[in-house]
Protein chains: 2
Amino acid sequence: MVSPLESIIIEKLTEIVGGQYISTDDADLVSYSSDFMIDVFLKPDVVILPENASQIAEILKLANENNIGVTPRGAGTATHGGSIAQGGILLDLKRMNKIIEFDPVSMIAVVEPGVVYEDLNRVTGKAGLWFPIEPPSGAVCTIGGMVGNNASGLMALKYGTTKDHILALEVVLANGSIIKTGKSVLKSSSGYDLVHLFVGSEGTLGVITEITIRLIPRPMQISTAFANFQSLTDAMDAIYEIRRVLTPAGIELIDLQTQRAINEMEKEQLVPEVEALVIFEIHEFSAEGLEAQKKLIEWVAQKNNCNELNWAKNDVEREKIWNARKAATVVSVRSRTSTILGDLIVPIKHVPAIIRYIQEVAKETNLLISIVGHAADGNIHYLIPFNKNESKKAFAAADEIVYKTLELGGSVTAEHGIGIEKIKYMELEHGKHALNIMKAIKRILDPGNILNPGKIFPTEKQ
Amino acid sequence: MVSPLESIIIEKLTEIVGGQYISTDDADLVSYSSDFMIDVFLKPDVVILPENASQIAEILKLANENNIGVTPRGAGTATHGGSIAQGGILLDLKRMNKIIEFDPVSMIAVVEPGVVYEDLNRVTGKAGLWFPIEPPSGAVCTIGGMVGNNASGLMALKYGTTKDHILALEVVLANGSIIKTGKSVLKSSSGYDLVHLFVGSEGTLGVITEITIRLIPRPMQISTAFANFQSLTDAMDAIYEIRRVLTPAGIELIDLQTQRAINEMEKEQLVPEVEALVIFEIHEFSAEGLEAQKKLIEWVAQKNNCNELNWAKNDVEREKIWNARKAATVVSVRSRTSTILGDLIVPIKHVPAIIRYIQEVAKETNLLISIVGHAADGNIHYLIPFNKNESKKAFAAADEIVYKTLELGGSVTAEHGIGIEKIKYMELEHGKHALNIMKAIKRILDPGNILNPGKIFPTEKQ
């Protein structure tokens, strides 16, 4: 699969999609050779932009017969190398960006994989409906990519992850057959759940060409607060106590290292510098209900030694809070040439333990590791910016953090996927037996191993 | 598998579980030969009550080597024949009823499959936490059975189904190996989602021996109302409108036929006799928030010609409402010797269409079909009581209703499972390709087809 494709293959692919939607130009290939963060560059042999499922079926049939790898790609905002390809066909799905159906009575949308997250919500929002994932990259990331990686975002605490909203899929299989699985219904006990086998499979089991999404009402009332705690323990104790009586839309945690980076960039003290800066966001149907929740959060925070808790007074203030959170990723990495972006999850009682551990690793290695996370669901992101000469040390630190995560009963990726970067942890997380079942499922659906080869696990050729 | 087991097998099984936990007595076998409703009686060769996963591993190994079917069973409250066995081993899991872990900080419980639904909630309730499925059979049904069938209940609208709360499983595979899949974390994008492949697989892929459950806060405020509408269309229009701005915990619909049966049994007019009697239940954190939701529901109901809407003033009144709903199943079947209990789901916009269709079928066939359902999520139950001489007509009517369901884009079972009864609809619902994938997955995990043979689909021997 490393050698360039024969010209007869390129000709056939050109016939399928038309000359303007295929490229073997080096400049084009290079632009598809990386994702949002991973430090690996892989160049495909050809990039194709198909228009529909039947073109994809023809492409896969051809690829399958000729043993050519096919890697589907949305916006390329993933961070673990899941959407880059060493040779073979890179399938850019951005032309498949139609909202096929929006049914406000059944509260369902059917979309092609290339639809951008926020574009769907702009349409459904007019009817007061919402696909409530809110990934920070929502302005550009595609729904197909979100499904491929089971993405989540800032509101997962209340609304769950992508998979919790996917009801049905159309999938082109490796052999070119097109299947539909699932229905436009809110629940089912009919046979095995193939829908959720495809969700999160990172394009290794089939190419998803149609996605049926369950929508929910947009919240009528929203409040967002910054709360700062001198101590991480206090902050987490407050979060645990709040979680047990109500379910905020999201609770975010920003560590001291990140706060410093934000203030440095802004050249003013935008955020206080404390051990734990917390964002609470609550969503409610009524203003009265919102007030009651705010009071509870204030009361619990105060009881747990919160220095200060301020609710945004208007949309501008609310946006400022979220911008600070979103900036965290950017500001923390400015100082170095490369960055490792971690994405781990632990049982929520172990959030303080994993954060302390990461801080210890930072201290021991002298790396500036910053931490932001969806604290209330246990999903912690950490950034390790490093220069070339620190590379070995940085990756060793990342490994240590992942091993600790597994020791605490966690998972090596909460929402970013395995891609290339985390393959090495798969057996450690899942064990030999479960991994073998996954591999066997892969072999059923893709016996020639043409779909996103080299991702999730090293699949054997048959 | 139809012939009684050799005595050497019985001896070995006795060695594994001990003499008091195995029986080949005909009286015992007969007591395991039916489920809650299906009109089929199948007798196993032996009933075994294992104590733990390692005993189950030994049993499966022995069964696999000797080609003996093994059918796991919880409380036997299912309705489609999923937990009865034609010969072979019936694995009664009721002794495995330990709550292994309850972690109120991480809001997680780990249980054995034989734990009764309400028993878990009694324990977690002391810490204000809840496994929010509320199946009507919750006082007796086991969590293992709920996982096997992906059961849901009266609150699925707000809280989802069983699968939405299952984080991890321990499973004994057909070959006797024990795997753990999933983690005690709230989300993950690590590899294929095997957890949700096992959930809803009705014991055909492995025997589940440990279940990790995500808990949520119990609602602080609850209100329940009976609302009666002269017209089904008005009732559903009100429900659609409410659904688009807020999410009640549950919305139930009781049809005229059922109301008549309830009143007849109670010998007083317990419920009004209208085309659509609706139950609304809302759950909220604060009394103020609850009031606001009640007002919205009242306003929308009134706008849509609701005759009367009354909120329960206390727990006694609330219980009365739910008892009427739960009685619906019982009262509707008293008059006949057998009953078909239907469980279908359609896109919610088609709820009026499917209800009208069922009513037409009733009229044409002269059968008294009563309808109750989780109207707001599209899941409709219907009961067709019949006498021996009406059997053919009743089953034909049930078929017609299922075909209409599929025509409307629905699923043949929302929460009861396929079992034996609905095998005949599987290819029609899923298509040949998807069904073949399911069969191939079955062959990976159970090549000898020993696990709950003859359920979900006719699996071929290899």
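Contact here means heavy atoms within 4.5 Å. By that rule, 90 residues of chain A are in contact with 90 residues of chain B. Keep in mind that this is a predicted model. The briefing starts with how the two chains are arranged, then goes through their interface and ends with a few pairs inside chain A.

**What the interface is made of**

- Together, chain A and chain B bury about 7000 Å², and 64% of that is on carbon and sulfur atoms.
- Three residues stand out on the chain A side: Lys187(A), Tyr192(A) and Arg244(A) supply 14% of the area that chain A buries against chain B, more than any other three residues.
- As for polar contacts, 32 residue pairs turn up across the interface of chain A and chain B, with both partners at pLDDT 80 or more.
- Several elements of chain A each supply at least two residues of the side that touches chain B: the strands β5 (99–103) and β9 (178–182), plus the helices α7 (195–198), α8 (232–243), α10 (287–303) and α14 (426–445).
- α14(A) gives the most to that side, with twelve residues.
- Sorted by class, the side of chain A that touches chain B has 41 nonpolar, 31 polar and 18 charged residues.

**Salt bridges**

- Over all chains, the structure holds 40 salt bridges, and the count between chain A and chain B is six.
- Lys187(A), already named for its share of the buried area, has a salt bridge to Asp377(B), at 2.9 Å from N to O.
- Lys187(A) also forms a salt bridge with Glu415(B), where the closest N and O atoms are 3.8 Å apart.

**Aromatic pairs**

- Searching the whole structure gives ten aromatic pairs over all chains.
- One of them is Trp130(A) with Tyr159(A), an edge-to-face pair at 5.1 Å centre to centre, with 75 degrees between the planes.
- Trp130(A) belongs to strand β7 (residues 129–130) and Tyr159(A) to helix α6 (residues 156–159), both of chain A, so the pair ties together parts that are 29 residues apart in sequence.

**Around Lys424(A)**

- Look for Lys424(A) in the loop between α13 (391–407) and α14 of chain A.
- The side chain of Lys424(A) is joined to that of Asp399(A) by a polar contact of 3.0 Å.
- Lys424(A) and Gly454(A) are 30 residues apart in sequence, and their C-alpha atoms are 12 Å apart in space.

Note on methods: Residues numbered from 1 in each chain as written. Chains lettered and ligands numbered in written order. Predicted model: local features only at pLDDT ≥ 70, side-chain atom pairs only at ≥ 80, totals over all residues. Heavy atoms only, no water. Buried area = accessible area lost by both parts, 1.4 Å probe. Salt bridge = Lys/Arg side-chain N within 4 Å of Asp/Glu carboxyl O. Polar contact = N/O pair within 3.5 Å; in protein donor to acceptor, adjacent residues only side chain to side chain. Helix = DSSP H or I, 4+ residues; strand = E, 2+ residues; numbered from the N terminus. Nonpolar A, V, L, I, M, F, W, Y, C, P; charged D, E, K, R; others polar. Phe/Tyr/Trp six-rings, centres within 6.5 Å; stacked < 30°, edge-to-face > 60°.
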